[in-house]
Amino acid sequence: METSEFIRKLTSKYLWLNLFAMGVVITLLVLGTGIAMDIYTHHGETITVPDVRKHSYEASVKVLEDLGMDVVINDTGYVKSLAPGVILDQLPAPGTIVKGGRTIFLTVNAVNSPTLVLPDIIDNCSLREAMARLSAIGFKLGKTKYVYGEKDWVYGILANGKSVSAGDRISIESTLVIQAGNGQRNAADSVYMTDMPYEYGEEDITTDGEELQFEEVQAGSADDFEVIE
């Protein structure tokens with residue numbers, strides 16, 4: 001290409017118009033990207049997170065969404081003294097400076113008290129072991145109730161006065177009473193005479209020329225028999 005032709009093309013208005021148009025497009029793209037990023041990130045816009053704790057869930061959501069925040073329930077808890085559905089905690093904490101569009105995570109008070117599973121301790125462990133296991137899980141224990149049986153052996157569990165079994169789900173607000181053995185046998189279950197095939201009343205028994213007189217007693221023994229010569 002000759003020098004004169006190169007200079008002619010270099011000074012062509014079409015070339016410069018194209019270059020100018022390209023420059024305008026690039027400038028608009030840069031400005032547009034910056035504006036879009038500012039809108040997306042809420043550049044320069046800050047909000048102080050309000051304290052919604054101990055307020056109802058509905059009221060808290062309205063306040064936060066009106067400020068341009070998103071709301072997510074990420075956990076539940078239980079405080080007996082507070083109404084169901086109130087906010088127990090929030091993240092970020094109240095007073096935190098955030099940008100608009102920030103997600104606020106809430107912990108809500110449960111409607112019902114949490115429950116715990118009763119472990120397999122009935123007729124399976126001692127009183128001391130049962131008390132340790134139940135306390136470690138989080139159960140509240142009442143005064144032990146003693147029943148006839150092997151000393152300090154667990155024979156049953158009462159929750160608010162009702163018998164429960166292993167695997168039952170029990171409210172953490174319930175008070176458990178352990179039924180443990182007192183080390184004594186129930187008199188109604190005791191059997192002292194095992195060699196008599198039938199009941200005896202007051203009667204005479206003759207054996208090898210000797211007459212035995214038996215008086216009816218509730219608990220017989222060898223001393224209850226009188227030999228009559």
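Reader: In which order do the three strands of the open sheet lie?
Author: The model is a predicted one, in which local features need pLDDT of at least 70 and side-chain atom pairs count only at pLDDT 80 or more, while totals for chains, interfaces and linings use all residues. Residues are numbered from 1 along each chain as its sequence is written, and side-chain values use heavy atoms, with hydrogens and water left out. Strands (E, at least two residues) and helices (H or I, at least four) are DSSP runs numbered from the N terminus, and two strands pair if DSSP finds at least two bridges between them. The pairing here is mixed, and the order is 2-5-3.

Reader: Which strands form the edges of that sheet?
Author: An edge strand here pairs on one side only. From one strand to the next, the twist averages 25 degrees, with axes fitted as lines to C-alpha atoms and angles from 0 to 180 degrees between N-to-C directions. The edges are strand 2 (70–77) and strand 3 (87–91).

Reader: Which residue of strand 5 is the bridge partner of Leu91?
Author: Strands of a sheet pair through backbone hydrogen bonds, either parallel or antiparallel. Strand 3 and strand 5 (residues 103–109) run antiparallel and are joined by four bridges. Within strand 5, the bridge partner of Leu91 is Phe105.

Reader: What is omega for the peptide bond that joins Leu91 and Pro92?
Author: Most residues other than glycine have a negative phi, and most peptide bonds are trans. Pro92 is placed in the loop between strand 3 and strand 4 (97–99). The bond from Leu91 to Pro92 is cis, with omega about 0 degrees.

Reader: What is the value of phi at Lys54?
Author: Lys54 sits in the loop between strand 1 (46–48) and helix 3 (57–66). Lys54 counts as exposed because its relative accessibility is 64%, given that buried means under 20% relative accessible area, exposed over 50% and partly exposed in between (1.4 Å probe, protein chains only). Although Lys54 is not glycine, its phi is positive, near 70 degrees.

Reader: And what is phi at Asp123?
Author: The loop between strand 6 (115–117) and helix 4 (127–137) holds Asp123. With a relative accessible area of 49%, Asp123 is partly exposed. Phi of this non-glycine residue is positive, near 55 degrees.

Reader: Which residues does Ile97 touch, not counting those up to four places away in sequence?
Author: Ile97 belongs to strand 4 and is exposed because its relative accessible area is 53%. Between Ile97 and Glu45 there are 10.0 Å in space, C-alpha to C-alpha, although they are 52 residues apart in sequence. With contact taken as heavy atoms within 4.5 Å, Ile97 touches Thr46, Ile47 and Thr48.

Reader: Which residues make the nonpolar surface patch of about 310 Å²?
Author: Patch residues have over 30% relative accessible area and no salt bridge, with like charges joined within 9 Å and nonpolar side chains (Val, Leu, Ile, Met, Phe, Trp, Tyr) within 5 Å; a salt bridge places a side-chain nitrogen of Lys or Arg within 4 Å of a carboxyl oxygen of Asp or Glu. Accessible areas come from the Shrake-Rupley method with a 1.4 Å probe, and for residues only the protein chains shown count as cover. One member lies in helix 2 (residues 13–41) and is exposed, with a relative accessible area of 58%: Phe20. The patch is made by Phe20, Val24 and Leu28.

Reader: What share of the residues in the chain is buried?
Author: The chain comes to four helices and 15 strands. Its accessible surface is about 16,200 Å², of which carbon and sulfur atoms hold 55%. Among the 229 residues, the buried share is 22%.
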